Amino acid sequence: MSAAGRPVRAVLFDWGGTLTPWHTVEPAEAWRACGLGDDAAARLHAAEDAIWARGRETRRSGTLEEVFATAGVPAGPAELARYHAWWEEHTYTDPDVRPLFTALRERGIRVGVLSNTLWPRAEHERVFRRDGVLDLIDAAVYTSEIAWMKPHPEAFRAALAAVGGIDPAAAVFVGDRPWDDVAGAQGVGMRAVLVPHSTIPAEQQRPVSGSPDAVVHRLADLLPIVDAWR
Ligand SMILES: [Mg+2]
């Protein structure tokens, strides 16, 4: 648990496994979908794995451009379009999100997103726009645009700054990962809510001490918790 907080002024959300329900996928298939051949796909998959592993060790973020450069595979818009098209069916926003964001905003609470991602902002905004929620997000930080990823404190501080310089004690983080999301947010003084429905691979987990300030089994259940913290 975090220290007793101040009245909530902002709620920040993780993306994958939180705003979009968790899908267990085989990322190598996304790289094969680029149409660059099996050898290139294997190198791209290895490069992506290495960048995520580095992130877990050092909290340094990465980008899709870095994946292609590390793999030594040149790619143009057509290959990137096929890569994102493969992911399309795995990115749909939870139907609870639009009513939840609307209710938070009606209360004067800022809504933010902080995602550990290699993808560019344009792709995330396309997904949110497709699902009718982009206009309800006050600010989003995608780690492809900053130096650090969760659980590095600077990632959370960047998101707090983006939603208007909100005091961490007046902010809530909602995510599906106990280490990256919950412990990370609590580490900078935010309250943290866990959505425990993702099948997170063992190699991506780290032991955590402490516990979330709350657990919700669907996003619609978050509103009464935030109301109690107002
Ligand atoms: Mg997540």
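**Helix packing, sheet and one histidine**

Author: Start with a helix pair. Helix α2 (residues 38–58) packs on helix α3 (residues 64–71) at an angle of about 125°, and their axes are 8 Å apart. Helices here are DSSP runs (H or I, at least four residues), strands likewise (E, at least two), numbered from the N terminus. The model is predicted: local features need pLDDT of at least 70, side-chain atom pairs count only at pLDDT 80 or more, and totals for chains, interfaces and linings use all residues. Residues are numbered from 1 along each chain as its sequence is written.

Reader: Which residues of α2 and α3 meet?

Author: Contact means C-beta atoms, placed from the backbone, within 7 Å. In α2, Arg43, Leu44, Ala47, Glu48, Ala50 and Ile51 take part. They meet Glu66, Val67, Phe68, Thr70 and Ala71 of α3.

Reader: What is the strand order in the open sheet?

Author: Strands pair if DSSP finds at least two bridges between them. The 6 strands run β3-β2-β1-β4-β5-β6, with parallel pairing. β3 (139–142) and β6 stand at the edges with a single partner strand each, so one side of each has no neighbour in the sheet.

Reader: How many bridges hold β5 to β4 and to β6?

Author: 4 bridges join β4 (residues 171–175) to β5. Phe173 has Ala192 of β5 as its bridge partner. 2 bridges join β5 to β6 (residues 214–215). There, Val193 partners Ala214.

Reader: Are the faces of β5 covered or open?

Author: Buried means 20 or more other C-beta atoms within 10 Å of the residue's own, exposed 12 or fewer, partly exposed in between; C-beta atoms are placed from the backbone. Both faces of β5 (residues 191–194) are covered. Arg191 and Val193 are buried on one side, Ala192 and Leu194 on the other.

Reader: Where is His84, and how does it count?

Author: His84 is in helix α4 (residues 77–87). It has 19 C-beta neighbours inside 10 Å, so it counts as partly exposed.

Technical notes:
Axes are lines fitted to C-alpha atoms, for helices over the stretch in contact, and angles run from 0 to 180 degrees between N-to-C directions. Two residues are in contact if their C-beta atoms, placed from the backbone, lie within 7 Å.
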